[in-house]
Amino acid sequence: MKCFYTLIFLAFWSQIYGQTFFTTDYIALAVPQHYDGDIYFMNLETLTQEVRPISTIPNNSELLSSFPNLVSNVTVYQVEKDGGLTIGGIGISAKNEIYQVIYDFSQTQTLVSEEEGKPKSVLIGVGVRMVAKVKTRKAGINLTNPFSLVANSKNISGSLEVRVIGLASSKINDLIPTTTDLSPASISVALQSIATIKTQMYAEETIVTPQYIAFNLGDEALKRNNLEINKLNTLQPAEASSSKKGD
């Protein structure tokens, strides 16, 4: 079964290998934040959705049913001379620059708020992340695909690590590879580790702690669709019930 999931995972990336494409609309936080607000909770006993404070929900694998969106996204940051991070656009490298590339594989729900008059949607949930810190020796490398890093291994240097977001168990801890270089072998091991860790998400002993993983600022489609804009952490269960009754 482990090999089966690994093959599916690697096949997904093989399908997009060699393509040049924009990074996701969602920008991954370089450091995910603990989320302590309200979420839309799927009550498995009644199969109904409720608005609940995250602090009132047991942190076990049943909580994963409340995160129905499976998201695979890439965020490319360019590392400035002062150590600051700026978004790298379409993810095509320049020569002799340093990048931090975040490959996220997450299970989330989307919450919507408003920031300075602009709609903002955020991803709350759990996942597994591969982070490549890359120094390029040539321009034109597609950083959005880990197989492109393999193909250009002679033209890059740096480090690679796997991070687990909001999931904890002794088995998962044992599956996390140590930080290593950007060699083809290391990238292959990292991808296989991610695929295996994902199979442990629903294990009975896994502790689930939802995190604020990514955001999308200024999505005008949210306004065009007339979606209700709610402030994060302020929607109370009673208010949500009243709103649904009014509908």
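Biologist: Is leucine 47 buried or exposed, and why?

Modeller: Leucine 47 counts as exposed because its relative accessibility is 64%; buried means under 20% relative accessible area, exposed over 50%, and partly exposed in between (1.4 Å probe, protein chains only). This is a predicted model, where local features need pLDDT of at least 70, side-chain atom pairs count only at pLDDT 80 or more, and totals for chains, interfaces and linings use all residues. Residues are numbered from 1 along each chain as its sequence is written, and side-chain values use heavy atoms, leaving out hydrogens and water.

Biologist: Where does leucine 47 sit, and what is its phi?

Modeller: Leucine 47 is in the loop between β2 (38-43) and β3 (48-53); helices (H or I, at least four residues) and strands (E, at least two) are DSSP runs, numbered from the N terminus. Its phi is near 55°, positive although the residue is not glycine. Asparagine 96, in the loop between β5 (85-87) and β6 (98-115), also has a positive phi near 55°.

Biologist: Which residues does lysine 138 touch, beyond neighbours within four places in sequence?

Modeller: Contact means heavy atoms within 4.5 Å, and lysine 138 meets Ser93, Ala94, Lys95, Asn152 and Asn155 that way. Lysine 138 belongs to the loop between β7 (118-136) and α2 (146-151), and is partly exposed at 34% relative accessibility.

Biologist: How far from the ring centre of phenylalanine 215 is lysine 120?

Modeller: A charge sits over a ring if NZ of Lys or CZ of Arg is within 6 Å of the ring centre and within 35 degrees of the ring normal. Lysine 120 lies over the face of phenylalanine 215, 5.4 Å from the ring centre.
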